[in-house]
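Look over the sequence and the model before reading on.

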Amino acid sequence: MLPPVLIISIGIVALEVVVGVAGNGFITAVNIINCIKSKKISPADIILTFLSTSRFILQMTILMHIHSLYFADEFKLAAVYKAFGAVWMFVNHASLWFSTWLYVLYCVKIINVTQWLLLQIKLRIAGMVPWLLLGSLVISSVTSLPLLWIAPSTYVCSSTGNCRENSTAHITDWDSSHLYLLLLYFVGCFFPLVLSVVTSALLITSLWKHTKKMQYYVDTFRDPLIEVHLTAIKSIISFLILYLSSFVAQILLILSTSQSKDVVKVAVSLVAAGAYPSIHSIILIIVNSKLKLAFKILCQHFKCPLANTALCLIL
């Protein structure tokens, strides 16, 4: 029996996942439909499609795991969880790389560069996008497939906070598998995390300087273009906060396997880790004009109070 605090947190995570599945599914559908209609797709939309699709798969695996906590016996969970763990790690790392490349693309396009190397990257970034995505998939595979050789008991403890010994696991002892899990997660997340922080900092600095210059030349602070820049800055800051909090939360979840009695930490970490892919999908819809227009049309089509409320919040 799971502790009440953990049951509440899993319920919140389930709600976050539902929101994330809807948001990321919407982004994927809109980009695919636009691609079919126009017969072309921009590099940013390619990355956005890969990002939303990977997060959609990620959150479906989380839903399947939550279902297994309530409706599968421990033997069945231990028998299949290695595969779930490998899939989760793969799509989690892949989505982190995709979100990083999205902000790298924005950074290269927005920031004015004078150095020859950076200028060449800016000119060729569009052609590099497919290779960056392919490389991300390869790296994510390298950092996730080793999970297939780690004892299932590690994942049961990490996910539920209840470190029961699993009699079906005969691969490695708990301490070794725990260390491997932490190492794989850290290696897979460290480099995209560094790139995201650097590019986001550059973007915020560039947009803020540009906004200050624009405010100097315009009469009113509520100039539409200034508002666009401020919205972009807020979205990047929100992305960084969500990204870093999710990274820390998932590290705490892995470390909590050795302190199973700290249920509150596990519960808070679960909620924080689940917030990033869900809330960020909503942020992407808000700041992307095509996605926001598609959402507006969808709300007008359904003509229901809930849709109208959501439309007001988005716009």
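## Buried and exposed

Buried means under 20% relative accessible area. Exposed means over 50%, and partly exposed lies in between. The model is predicted. Of the 315 residues of the protein chain, 44% count as buried.

## Overall build

The protein chain has ten helices and zero strands. Along the sequence, the pattern reads α-α-α-α-α-α-α-α-α-α.

## Aromatic pairs

How many aromatic pairs does the whole structure hold? A search finds 13. One of them joins Tyr103 and Phe239. This pair is stacked, at 4.2 Å centre to centre and with 15 degrees between the planes. Tyr103 belongs to helix 3 (residues 74-110) and Phe239 to helix 7 (residues 224-255). The two residues are 136 residues apart, and their pair links distant parts of the chain. Are they buried or exposed? Both Tyr103 and Phe239 are buried.

Phe190 and Phe191 pair in another way. Their ring centres are 5.4 Å apart and their planes stand at 80 degrees, so this pair is edge-to-face. Planes over 60 degrees apart count as edge-to-face. Phe190 has a relative accessible area of 34%, so this residue is partly exposed. Phe190 and Phe191 also belong to a cluster linked by ring pairs.

## A charge over a ring

The charged end of Arg55 sits over the Tyr276 ring, 4.7 Å from the ring centre.

## Helix 9

Helix 9 covers residues 289-302, which makes 14 residues. From its first C-alpha to its last, helix 9 reaches 20 Å. That is close to the 20 Å expected at 1.5 Å a residue. What caps the N-terminal end of helix 9? Asn288 does: one of its side-chain oxygens lies 3.0 Å from the backbone nitrogen of Lys290.

Which residues of helix 9 are buried? They are Leu291, Phe295 and Cys299. Why are they on the same side of helix 9? They cover an arc of only 75 degrees around the axis, which puts them there. The face turned away from this buried side carries the exposed residues Ser289, Leu293 and His301.

Conventions. Residues are numbered from 1 along each chain as its sequence is written. This is a predicted model: local features need pLDDT of at least 70, side-chain atom pairs count only at pLDDT 80 or more; totals for chains, interfaces and linings use all residues. Side-chain values use heavy atoms; hydrogens and water are left out. Rings of Phe, Tyr and Trp (its six-membered ring) pair if their centres lie within 6.5 Å; planes under 30 degrees apart count as stacked, over 60 as edge-to-face and the rest as tilted. Helices (H or I, at least four residues) and strands (E, at least two) are DSSP runs, numbered from the N terminus. Buried means under 20% relative accessible area, exposed over 50%, partly exposed in between (1.4 Å probe, protein chains only). A charge sits over a ring if NZ of Lys or CZ of Arg is within 6 Å of the ring centre and within 35 degrees of the ring normal. The expected span of a helix is 1.5 Å times one less than its number of residues. The arc is that of the directions from the helix axis to the C-beta atoms. A polar contact is a pair of N or O atoms within 3.5 Å; within protein, one must be able to donate a hydrogen and the other to accept it, and residues adjacent in sequence count only if both atoms are side-chain atoms.
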